[in-house]
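Hi everyone, thanks for coming along. I'd like to walk you through a structure that may be new to you, so let's bring it up on the screen.

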Amino acid sequence: MSRTAVITTRIDPTLKANAEQVLAQLGMTTAQAITMFLKQVELNRGLPFTPRLPPQATHVYKPFKAETFSLGGDVMPDRDELYTERGL
């Protein structure tokens with residue numbers, strides 16, 4: 001098969017460098033990996049993987065529960081009475 005087609009694209013330099021390190025560990029070049037990817041697209045007639053969003057952290061928020069309390073009587077004592085009782 002003749003290799004005459006050229007693909008030119010702009011990629012984040014850090015992404016490219018990181019991917020090239022991984023590919024080197026696998027013993028392949030970026031061009032070989034791209035060729036492999038495109039061959040899989042052709043064979044599968046679509047992407048060779050399912051595109052997904054990464055899982056989100058699930059936070060369990062409990063509803064706010066307002067609790068009431070009693071000072072021993074049905075009516076809240078007057079502020080001045082409370083100060084007087086405490087000698088203030």
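This is a predicted model: local features need pLDDT of at least 70, side-chain atom pairs count only at pLDDT 80 or more; totals for chains, interfaces and linings use all residues.

**A short tour of the model**

Glu 42 is exposed, at a relative accessible area of 52%, which puts Glu 42 over the 50% cut-off.

How many salt bridges does a search of the whole structure find? There are two, so let me show you the other pair. Glu 20 forms a salt bridge with Lys 16, and their closest N and O atoms are 2.7 Å apart. This pair belongs to helix α1, where a spacing of four residues again amounts to about one helical turn. Glu 20 counts as partly exposed, at 31% relative accessibility. Lys 16 is partly exposed too, with a relative accessible area of 42%.

Now let's step back to the overall fold. The chain has three helices and zero strands, and reading along the sequence gives the pattern α-α-α. How much of the chain counts as buried? Of its 88 residues, 3% do.

Let's look at two of those helices in turn. α1 has 13 residues, and from its first C-alpha to its last it reaches 19 Å. That is close to the 18 Å expected at 1.5 Å a residue. After α1 comes Gly 27, which has a positive phi, near 80°.

α2 has 15 residues, which should span 21 Å at 1.5 Å a residue. Its end C-alpha atoms are 21 Å apart, so the model agrees with that expectation. What follows α2? That is Arg 45, and its phi is positive as well, near 55°.

While we are in α2, have a look at Ala 33, which has its place in this helix. Leaving aside residues up to four places away in sequence, Ala 33 touches Leu 23 and Met 28. For another sense of scale, Ala 33 and Ala 19 are 14 residues apart in sequence, and their C-alpha atoms lie 10.0 Å apart in space.

Finally, let's turn to empty space. Rolling a probe the size of a water molecule over the atoms shows where such space is left. The largest pocket here holds about 840 Å³. Which residues lie nearest its centre? They are Ile 7, Thr 30, Ala 31, Ile 34 and Thr 35, out of 23 residues that line the pocket.

Both α1, residues 13–25, and α2, residues 30–44, supply at least two residues each to that lining. Which element gives the largest share? It is α2, with eight residues. Sorted by class, the lining of the largest pocket has twelve nonpolar, six polar and five charged residues.

Definitions and conventions. Residues are numbered from 1 along each chain as its sequence is written. Side-chain values use heavy atoms; hydrogens and water are left out. On a 1 Å grid over the protein atoms alone, a cavity is a set of points where a 1.4 Å probe fits but cannot get out, and a pocket is an open set with protein on both sides within 12 Å along at least five of seven lines; lining residues have an atom within 4 Å of a point. Grid points are joined across faces, edges and corners, and a volume is the space filled by probe spheres set on the points. Ala, Val, Leu, Ile, Met, Phe, Trp, Tyr, Cys and Pro count as nonpolar, Asp, Glu, Lys and Arg as charged, and the others, Gly among them, as polar. Contact means heavy atoms within 4.5 Å. A salt bridge is a side-chain nitrogen of Lys or Arg within 4 Å of a carboxyl oxygen of Asp or Glu. Buried means under 20% relative accessible area, exposed over 50%, partly exposed in between (1.4 Å probe, protein chains only). The expected span of a helix is 1.5 Å times one less than its number of residues.
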